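The following note was prepared for a colleague who asked for a reading of this structure. Please consult it alongside the sequence and the coordinates.

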Amino acid sequence: MYKNELIAELGLRALIKEDFINHRKDLTLPGFRALAVYRYGTWARSRRSYPVRACFSAIHLFLARFVRNYYGIELYYTANIGRRLHIGHQSGIVVHEYATIGDDCVIRQGVTLGIGGLQRGETGREHAPMIGNRVDFGVGAVIIGKVTIGDDVNIGPNVVILTDIKSNSTVMASPPRVLSRSILARPDMEPEICKSNLECNSTSGGI
């Protein structure tokens, strides 16, 4: 039997209602559906009676596979997900089976919370990411390994995090390089890095 503290404290109905409101009261949103299936899975595996638990768990397994294969959102029932998680868009979202996510977080498409093969043979909860409260994940953000993210952290798009992040921080990827248009016209030229868009426009004859 699996025990989930939120399910035990608030109950399945209250948590799903809260997630429903947090997803603009739209039953069709993939994020809400994925969370509802996750909440149901944690509830199903907390039933005391083995026959009841086995029956409800089989239903959850079918629903979880549908959410993973159709919406591209993988949430294991063993993950510790807090209240009012908002999943903004579908596709490419993977949360490790032992990851921990706090309250009022936002996850967008392409976000991965996992171990990623960095710790071979170490797959328990103590080796998975731990996310604080009110953390906002940008598109394509990746959190790998035994990483702790503090509260009120903003993580930009396509950021790969391998170390702990303190609370009240903003993490951004390296800024992109701006290249002049002459490179597109003459591939044999050495890359010319411009310091500003204005400089690129002037070297390439303007827009």
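1. Conventions. This is a predicted model, in which local features need pLDDT of at least 70 and side-chain atom pairs count only at pLDDT 80 or more, while totals for chains, interfaces and linings use all residues. Residues are numbered from 1 along each chain as its sequence is written, and side-chain values use heavy atoms, with hydrogens and water left out.

2. The five-stranded sheet. Helices (H or I, at least four residues) and strands (E, at least two) are DSSP runs, numbered from the N terminus. An open sheet of 5 strands runs in the order β1-β4-β7-β10-β13 with parallel pairing; two strands pair if DSSP finds at least two bridges between them. Its edge strands are β1 and β13 (160-161), each of which pairs on one side only. Within this sheet, β7 (residues 112-114) and β10 (residues 142-144) run parallel and are joined by 3 bridges. Opposite G114 stands I144 in β10.

3. The four-stranded sheet. An open sheet of 4 strands, also with parallel pairing, has the order β2-β5-β8-β11. Because β2 (80-81) and β11 (148-149) each have a single partner strand, one side of each is left without a neighbour in the sheet. The pairing of β2 with β5 (residues 100-101) is parallel and comprises 2 bridges. In this pairing, N80 stands opposite T100 in β5.

4. The largest core. A nonpolar core is a set of buried Ala, Val, Leu, Ile, Met, Phe, Trp, Tyr and Cys residues joined through side-chain atoms within 4.5 Å; buried means under 20% relative accessible area, exposed over 50%, and partly exposed in between (1.4 Å probe, protein chains only). The largest such core has 34 residues, and those with the most contacts inside it are L75, I101, I131, F137, I149, I155 and I161. Two or more residues come from each of α3, α4, β1 (73-75) and β4 (93-95). The element that gives the most is α3, with 4 residues.

5. I155 and the second core. Contact means heavy atoms within 4.5 Å. Leaving aside neighbours within four places in sequence, I155 is in contact with V135, D136, F137, G138, A141, I143, I149, I161 and V171. A second, separate core has 6 residues, including L6, L15, Y40 and A44.

6. H23. This residue is found in the loop between α2 (12-22) and α3 (30-44). H23 counts as buried because its relative accessible area is 0%. A polar atom of its side chain lies 2.9 Å from the backbone oxygen of D19. Not counting residues up to four places away in sequence, H23 touches L29, G31, F32, L35, L85, H86 and I87.

7. R45. Which side chain of opposite charge is nearest to R45? It is E97, 10 Å away, and R45 is buried yet has no salt bridge (a side-chain nitrogen of Lys or Arg within 4 Å of a carboxyl oxygen of Asp or Glu). For charge, Lys and Arg count as positive and Asp and Glu as negative; His and the chain ends are not counted. R45 is located in the loop between α3 and α4 (50-71). The side chains of R45 and H60 are joined by a polar contact of 2.8 Å (a pair of N or O atoms within 3.5 Å; within protein, one must be able to donate a hydrogen and the other to accept it, and residues adjacent in sequence count only if both atoms are side-chain atoms).

8. G145. This residue lies in the loop between β10 and β11. G145 counts as buried because its relative accessibility is 1%. G145 and A99 are 46 residues apart in sequence, and their C-alpha atoms are 9.7 Å apart in space.
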